[in-house]
Amino acid sequence: MPVPADTHLAEGPLLLRPWQPEDAPALHTAVQESLETVGRWLPWCHAGYDLDEARAWIRHCREGWAGDEHFAFGVFERDSGALLGSVGLSQRNLVHRSASLGYWVRQSRQGQGVARQAARVAAHFGFDRLRLVRIEIVALPDNHASRRTAEQAGARFEVIARHRLWVRDRAMDAAVYSLVPADL
């Protein structure tokens, strides 16, 4: 049964909800603010990122929800509605009931536990709603902030996997973490 595209997840000060077309300007602004930190690790976060790219990303995310394939949430501050970042489950494997969890937080809100809390909320969604049995978090080995977030979210480090990611036109090794329902 498909997951409704109006799914909202609230916990503490955070609200996670699927991206909406009207979020494009806030997404564009958050990306431009975060070039130094997020852009260091995620190639899509670049100086030329424009409003059309934000709109295209949101369309892609909405298509993922409609196809029951991947589930990207904007992470918002519940009280103010301010966009804090994003978290999502992708690379869903229906046979093995697994997916990959990714996250980013705008630069002005980093270091406040947003990614950790959003990752845990998204993982609960994956286990409870998608019936996953395994969620992976994959990060470049020297992305210490992302790796620390994975650990704080309850994930266990498994391995440095050779050539696990394709980043900036080359194969890169990556740190692989996993979450299973018992970890939460």
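How many bridges join β2 to β3, and do these strands run parallel or antiparallel? Five bridges join the two strands, which run antiparallel.

## Basis of the model

This is a predicted model in which local features need pLDDT of at least 70 and side-chain atom pairs count only at pLDDT 80 or more, while totals for chains, interfaces and linings use all residues. Residues are numbered from 1 along each chain as its sequence is written, and side-chain values use heavy atoms, with hydrogens and water left out.

## The sheet

Eight strands form an open sheet with mixed pairing, in the order β1-β2-β3-β4-β5-β6-β8-β7. Strands (E, at least two residues) and helices (H or I, at least four residues) are DSSP runs, numbered from the N terminus; two strands pair if DSSP finds at least two bridges between them. The edges are β1 (9–11) and β7, each of which pairs on one side only. On average, neighbouring strands are turned by 30 degrees against each other, direction ignored. Axes here are lines fitted to C-alpha atoms, for helices over the stretch in contact, and angles run from 0 to 180 degrees between N-to-C directions.

Within the sheet, L15 stands opposite F76 in β3. Helix α4 packs on the sheet and touches β1, β2, β3, β4, β5, β6 and β8; its direction makes about 35 degrees with that of β4. Helix α5 also packs on the sheet, touching β5, β6, β7 and β8, and its direction makes about 20 degrees with that of β8.

In α5 (residues 144–152), the buried residues are S146, R147, T149 and A150. Seen down the axis of α5, they fall within an arc of 155 degrees, so they line one face of the helix. Buried means under 20% relative accessible area, exposed over 50%, and partly exposed in between (1.4 Å probe, protein chains only); the arc is that of the directions from the helix axis to the C-beta atoms. The partners of these buried residues are β5 (98–105), α4 (114–128), β6 (134–139), β7 (156–167) and β8 (170–179). After α5 comes G154, with a positive phi near 105 degrees.

In α1 (residues 24–33), A24, L27, A30 and V31 are the buried residues. Their arc, seen down the axis of α1, is within 125 degrees, so they line one face of the helix. They pack against α3 (51–66), β4 and β5.

## Nonpolar cores

A nonpolar core is a set of buried Ala, Val, Leu, Ile, Met, Phe, Trp, Tyr and Cys residues joined through side-chain atoms within 4.5 Å. The largest has 34 residues, of which L16, V87, L101 and F125 touch the most other members. At least two residues each come from β2 (14–18), β3 (71–77), β4 (83–93), β5, α4, β6 and β8. The largest share, nine residues, is supplied by α4.

Leaving aside neighbours within four places in sequence, F125 is in contact (heavy atoms within 4.5 Å) with V3, T7, L9, W65, F71, F73, L89 and L130. A second, separate core of 15 residues includes W19, Y49, F76 and W104.

T7 lies in the segment before β1 and counts as buried, at 6% relative accessibility. With neighbours within four places in sequence left aside, its contacts are L16, R17, P18, W65, F73, F125 and R129.

R162 lies in strand β7 and is exposed, with a relative accessible area of 75%. R162 and E136 are 26 residues apart in sequence and, C-alpha to C-alpha, 15 Å apart in space.
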